[in-house]
Amino acid sequence: MIGRRGIIGGLLGGLVAGCGKVAQSGPGASLLSAVEDWNLAVHRALTKRTALAPEFSIADISPDFRGNGTTNPGTLAYAAHVATNFSDWRLAVDGLVERPLALSLADVRALQQRTQITRHDCVEGWSAIGQWTGVPLRDLLSTAGLRPEAKFVVFHCADLLSGAPYYESIDLIDALHPQTIVAHMLNGAPLPVKNGAPLRMRIERQLGYKHAKYVERIEAVASLAGIAGGKGGYWEDRGYQWYAGI
Ligand SMILES: Nc1nc2c(c(=O)[nH]1)N[C@H]1C(S)=C(S)[C@@H](COP(=O)(O)O)O[C@H]1N2
Ligand SMILES: [Mo]
């Protein structure tokens, strides 16, 4: 699929350079223009994927950001984390990385932060606008050092939904998108339990079910095939689309 280095540059560079000679002769010219059209289409598609989601103002923030799906993992372990204000919570960043990380909330808060006011759209037919603060996932991945084989990023959550672990995954375009953050605050306060305390994903170009809550492990992988049902997410394993772009 698409590598981390020069997503567009690599495609354009390779194809256009390779076709340069052919273009000088008659039939080659139309080949080159076909390739250029194709490049343009690829470029447009990628630009769409890397474009920012709309951001809103403080006045637009919904008075109540409802909780949906799991609103409390309800395990003894999670209750203990709530009781200790998540001081022992660790976020692992591992899998196909050079330097696996294990971050406390203090570690996460000490990193460069991003705050964004965005609209969350759930397939069940509701939306809400909230202000999220957290660490760009791309910063965590660059600190950990993604290995070249890594193609997807998997989010492992602390909750079971109908007895099965909630998990999600995205490709590297979304993983490196500037608005993809590991959030620890909603509307200027620590994330409430119902919204995924202490850490949840915001993946602003995707529908609500991609935004994993209660995240305890971020794993870089080459393939989604071996994980749970193999479709890349809890809801995907039950028939939802893996690519939920908006
Ligand atoms: N761990 C976990 N993450 C989850 C879910 C869940 O049940 N468990 N539900 C998803 C769905 S369908 C939506 S719409 C959003 C809801 O986020 P909210 O509870 O902050 O509204 O979380 C998503 N992430
Ligand atoms: Mo949802």
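Visitor: Which element gives the largest share of the shell around ligand 1?
Guide: This is a predicted model. Two elements give two or more residues to that shell, β3 (114-122) and β5 (152-161). The largest share is three residues, and these come from β5.

Visitor: How many residues surround ligand 1, and how do they divide into nonpolar, polar and charged?
Guide: The shell holds 22 residues. Among the closest are Arg66, Asp159 and Lys213. By class, the shell has nine nonpolar, eight polar and five charged residues.

Visitor: What lies 2.6 Å from an oxygen atom of ligand 1?
Guide: The side chain of Asn195 places an N or O atom 2.9 Å from a ligand oxygen. A polar backbone atom of Asn68 sits at 2.8 Å. At 2.6 Å it is a backbone N or O atom of Arg66.

Visitor: How much of ligand 1 does the protein bury?
Guide: The space taken by the ligand is the largest pocket. Taken alone, ligand 1 exposes 530 Å². Of that area, the protein buries 99%.

Visitor: Which strand gives the largest share of the lining of the second largest cavity?
Guide: The count is two cavities of 30 Å³ or more. Three lining residues, the largest share, come from strand β6 (residues 164-171).

Visitor: How many residues in that lining are charged?
Guide: The lining has three nonpolar and two polar residues. The charged ones number four.

Methods
Residues numbered from 1 in each chain as written. Chains lettered and ligands numbered in written order. Predicted model: local features only at pLDDT ≥ 70, side-chain atom pairs only at ≥ 80, totals over all residues. Heavy atoms only, no water. Near = heavy atom within 4 Å. Polar contact = N/O pair within 3.5 Å; in protein donor to acceptor, adjacent residues only side chain to side chain. Areas by Shrake-Rupley, 256 points an atom, 1.4 Å probe, with all protein chains shown as cover. 1 Å grid on protein atoms, 1.4 Å probe; cavity = no way out; pocket = protein on both sides within 12 Å on 5 of 7 lines; lining within 4 Å. Sits in = over half its atoms within 2 Å of the grid points. Helix = DSSP H or I, 4+ residues; strand = E, 2+ residues; numbered from the N terminus. Nonpolar A, V, L, I, M, F, W, Y, C, P; charged D, E, K, R; others polar. Points joined across faces, edges and corners; volume = space filled by probe spheres on them.
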